[in-house]
Amino acid sequence: MNADTNAGRRHFLIGTAVIGAGLVIGINVARRRGTATRSGGGGKTLSPNVWLRIAPDDTVTLASGKAEMGQGITTGLAIALGEELDIDPARIVVEFAGVDKAYYHPFLPAQFTGGSNSTVTTHEVLRQVGATARAMLLAAAAKKWDTTVAELRTDNGVVHYGSRKLSYGELADAAAGEVLATKQKLKTQAEFKYIGKTQPRNDTRVKVTGRAKFGLDVDVPDMLTAMIARAPVFGATVKSFDDSEARKIQGVVAVKQVPSGVAVLAENTWAAQRGRDALKVDWNLGPMARFDVAQVRADYRAKIRKPGLIARNDGDALQALQSAGSRSIDVEYELPFLAHATMEPMNCAVHARADGADIWVGTQGHSLDVENAAEILGLKADQVRLHVQYLGGGFGRRANTVSDFTVEATHVAKDVGRPVKTVWTREDDMQGGYYRPFSVSRVRAAIDKDGKPLAWYHNCVSQPVLATSAFAKFAVLPDGRDPSSSEGSANLPYAFPNIRVDSINGVNGVPILWWRSVANSFHGFVVNSAMDELAALAGMDPVKFRRSLLGKRPRHLAVLDRAAEMANWGRPLAPGHYHGVALHESFDSIVAQVAEVSVDGAEVKVHKVHCAVDCGTAVNPGQVEAQMQSGIIFGLSAALWGEITFKDGRVQQSNFDSYRVLRMSEAPAIEVSIINSGAALGGIGEPGTPPIAPAVCAAIFAATGKRIRKLPIAGSLA
Amino acid sequence: MISLNVNGASRELDAEPEMPLLWALRDLLKLTGTKYGCGKALCGACTVHMDGRPIRACVTPVSAVAGRNITTIEGLSADGDHPVQRAWIELDVVQCGWCQSGQVLAAAALLEANSNPSDADIDAAMDGNICRCGTYPRIRAAIKRAAEIKRRGAE
C-alpha cells in the first residue's frame, strides 16, 4: 500500500463510520514503515504507529490521545498495550499526544475525551497496537537467531529463545524494518496477565509529590497571565470601559477588549487579579438582564403538559393510561442547573505567532480546541500545536465543542507576541456558564389491581446538549429531536406493555453542557423515583417490584440482586436508618445502589452506599471501584445541595460557600461489587452518578413518608 | 524584599506584602505543587505548612510568613517517601489529583499531632479539604495506613 491509498481508505472508513480498530493499526503500521526515528542510543526507535514508541534504551512510550482527568485512562491504556505487547504496564511511560486523526473517535470526526468511552473505543486499538509491535519484535528476533517465531517466547519486555534473550529495546532497530499490515490474533481472557487484575495508577507518584503539570501550572518563558472581566449576565456586551486605575497596578502590562469582556494582562496572577478588580466596565446587559429560574420553571411546567418528540413508543401508552383505573401516578420532577465545579478552575495558555501557535491546556476537546483556535488566528489546524496537560477534573466541563476557555484565551493572546495564560478564579468558573441543563419531567404510569404494569409515559423538557453542540449535525434527528436528551429515559428496562418516552427541547439563554452522565443525571432520578412511587402504590417492596419487571433483563436483575444482597435489603437497620434503592443503565454499564440514610429535620445523613456494577469486563477493577466511589460522591453533592440559580440574570452562587459540596465528614462509606458479565465493555466514569440521588430520596421516603420531587433535597426538605 | 524559608532554603522575594503566599509560591518561586482552588480558604487545595502547622496559602499574605518556615508538597520529602505519600501510593488514592497536595499536607500535619487518629479526628482535620473526585473513602483509609507506616518507622 502506498500512502495515498492509505489516506483514501482512512477517509472512507471514517466517512462511513465503520472504522475498524485492526485496520487502523494496519494502516498506521504501513504509514510509519521506514520512518523510524533515530534515538540517542545509535539505534532506531520502533514506532509502528502514533500510539507507541520502543526506544533502544528499552523505554516504552505510549502517546495517549486521551486526556487524564482522574478517570485512570492512562493506566487503562497502558494495561491494554502491556497485555498484548507483554510488558508490565507499570513500565510503560505515558505522554499526552497532540492532535492526530489516528486518535479520532470511531464515529465522530474529532479527538476528544468524554462520554465514558475512552476505554470502550481504544481498548481494542491498544491491544492491537501491542500485539502488532510484539509480532514485529518476534519477527526481527527470529531473523537474528535464524529460527522461527514459533520457537520464541516473550516475557515482560524480553524475547527469549532457549537460553538466549534480547530486550525489546535491543530489537527495536531491527523490528522497525518489519512489515506487518494484518490484524494480529489477541489473547483470550484466560491468557490475561494484567487485564482484569488491579494495576496501580501510573500518575499517583507525580500527583502526591506536586510534580504533575496541570494547565494552571504551565509556565513558559516570557509568559503573561490574564484575567478577564466577563459579562455579569449571559449575552451582555461591553459598552465601554475605563482602565486607567487598572494600568496603575504594578505588574499590569496591557488591557484589551475581547469578545467575552475585558482582559487584563500582567506579569503574574496577583497583578492580573488586582488589575481586573480595578477595571470599570459598563455593560449592555441584553435580553437576560431580568432572567430568573422562575421563568424557566413556569415555561417548562407549561410545556410538559403537552406531548413532545417521540423517543420510544411501544404499544399505546396514552390509550392504556386513559383506560386505567385509579392505580396510577401522574407526577412531575424538577432538577436544577448545576455547575461542574472542577477543583482546578478553567485556564488555558496560548502563544500565538504569525506562522503558528502553541496551546497548553487541560482539555477534553483536543481537536475541537485546535480547530477553533486556528480559525481565530487565521492559521491552519496543523499549524497549531496542542500540549495537553493533566486536567484538575473534567466532568464534561472541559469538553466544550465551542472550546469556550481555549477560544477566549486565544483571543487574549492574539497579537500579543508573548505567551499568555488566561486564568479563571473560582467565581469566574462557577458563574461562567456551561451548566447541566435545568429539567422538568412528567411521568404517568399505571398498574392493574394485581400490581402488574400497564403503561409508562415519561416526558421531559430540557435544553438539548448535543443539538446545541458542534456535533449537532452528526446526531440530531430530522424531527429536531436530540437523542442525547432521552439517554436514560428511552432505554427503560422494565417490562411495561405500553411505553412512551418523549423529549421536548427547552429554550433559554443559559449556556449548557454535558455534566457527568448528561441526561442520565436527571432521568436516573426521575425513572427510579417514579418506580419507587409505583412500588408503593402496588404495595410492593421496591426491589421486588423492580425484579418483577426485569424478567427479560438478566444483567439488570443480577446487578440489582447483588446490591440488595450486599445491603442485606429487607433486614432491620440501626434505629432511624432507612434504605433506598435505585438501578440505572448508562454508557452500556449497569449500576444499582442501596443507600442507608437517616433524616433529622432537614438534615440528611447518608451513612453507607452499597454499589453493584456490571461494565462487561472490568479492565482495572481498582479503578472501577474508584470511579463508582467518585460518581456517588459527585452525585450526592448535587442531590443534597447542588443548584445554580439566577436573579436579575446574575448567577447567585460564586464559591464553595454558596455552592456546597460533600466534605470528608459527610462522605458515606461505600462498598463496591463488580460483576464481570463478559458483555461488551461499558463506560465507567459516569454510570456511578445517576442512581445515588434516587436511592437517597427513596430512603428519605422510607424514613419520612415525604416524596422528594424537586432537587436539591435541601430545598425540598427545608 | 521579603525573606522566608521555603522547603529548607532561604528565599528573597520581590513581592508586594499583600500578595497571597499562594501566588508567591506559584508565580515567583515556580513551586506549582501548591494549588489554587477557591481563593477564600474554603477548599484547602493551597494547604502548606507554616512551622509544621497547616495554613491556607491563598489567604495568607506573603508578608505574614516572613521569617517563617514554609513547607510545600515539593519539600515534604526527598523522594515522595513520606509515610502519607507512601500510603497514598499504596492505596491508589488520587484521581484528578488537583486537591491532593493539600490533602497530603493536611494529613501529614494531622499525623504529626496525632499518631493514631480516629474517624472523628480525620473528619475534623480533613473537612477543610474538598475533593470533587470523591477520593474521601481512600483518603480515610490511607491516613490510617500512613499512621501504621509512621508508627512502624518509629519503632
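Q: What makes up the open sheet of 7 strands in chain A, and in what order do its strands run?
A: In this predicted model, the order is E10-E11-E8-E18-E15-E16-E17, and the pairing is mixed. Neighbouring strands of the sheet are turned by 20° against each other on average, ignoring direction.

Q: Why are strand E10 (252–258) and strand E17 (384–388) of chain A called edge strands?
A: Each of these two strands pairs on one side only.

Q: How do you know that strand E15 (residues 347–353) and strand E18 (residues 420–423) of chain A count as paired?
A: Pairing needs at least two bridges between the strands. E15 and E18 of chain A have 4 bridges, in the antiparallel sense, so they meet that cut-off. To see one bridge for yourself, look at A:Asn347, whose partner in E18(A) is A:Val423.

Q: Which strands does helix H10 (residues 366–377) of chain A touch as it packs on the sheet?
A: H10 of chain A touches E15, strand E16 (356–361) and E17 of chain A, and its direction makes about 140° with that of E17(A). Another helix to find is H11 (residues 404–413) of chain A, which runs at about 40° to E15(A). The strands that H11 lies across include E8 (224–230) and E11 (261–266) of chain A.

Q: What makes A:Ala226, A:Val264 and A:Val696 stand out in the largest nonpolar core?
A: Of the 275 residues in that core, these three touch the most other members. Helix H4 (residues 118–144) of chain A gives the most to the core, with 12 residues. In soluble globular proteins, nonpolar side chains tend to be buried together. Leaving aside residues up to four places away in sequence, A:Val264 touches, among others, A:Ala226, A:Met227, A:Val252 and A:Leu279.

Q: Why is strand E23 (residues 589–600) of chain A described as largely enclosed by the rest of the structure?
A: Of the 12 residues in E23(A), 10 are buried, and that is why the strand is described in this way. A residue is called buried if 20 or more other C-beta atoms lie within 10 Å of its own.

Q: How do you know that E23(A) pairs with strand E24 (residues 603–614) of chain A?
A: There are 11 bridges between E23(A) and E24(A), in the antiparallel sense, and at least two are needed, so they pair. Within E24(A), A:Ala612 stands opposite A:Ala592. Strand E22 (residues 578–586) of chain A also pairs with E23(A), antiparallel over 9 bridges. There, A:His579 has A:Glu596 as its bridge partner in E23(A).

Q: Why is helix H7 (residues 269–278) of chain A called mostly covered?
A: In H7(A), 8 of the 10 residues are buried, including A:Trp270 and A:Arg274. The cover over the buried residues of H7(A) includes E8, E10, E11 and E18 of chain A, together with H1 of chain B.

Q: How many residues of chain B are in contact with chain A?
A: The answer is 44 residues of chain B, in contact with 47 residues of chain A. By class, the side of chain B that touches chain A has 23 nonpolar, 12 polar and 9 charged residues.

Q: What ipTM and pTM does the predictor give the complex?
A: The ipTM is 0.98 and the pTM is 0.95. For chain B, the average pLDDT is 97, with 99% of the residues scoring at least 70.

Definitions and conventions: Residues are numbered from 1 along each chain as its sequence is written. Chains are lettered from A and ligands numbered from 1 in the order in which they are written. This is a predicted model: local features need pLDDT of at least 70, side-chain atom pairs count only at pLDDT 80 or more; totals for chains, interfaces and linings use all residues. Two residues are in contact if their C-beta atoms, placed from the backbone, lie within 7 Å. Ala, Val, Leu, Ile, Met, Phe, Trp, Tyr, Cys and Pro count as nonpolar, Asp, Glu, Lys and Arg as charged, and the others, Gly among them, as polar. pLDDT is the predictor's confidence in each residue, from 0 to 100. Axes are lines fitted to C-alpha atoms, for helices over the stretch in contact, and angles run from 0 to 180 degrees between N-to-C directions. A nonpolar core is a set of buried Ala, Val, Leu, Ile, Met, Phe, Trp, Tyr and Cys residues joined through C-beta atoms within 7 Å.
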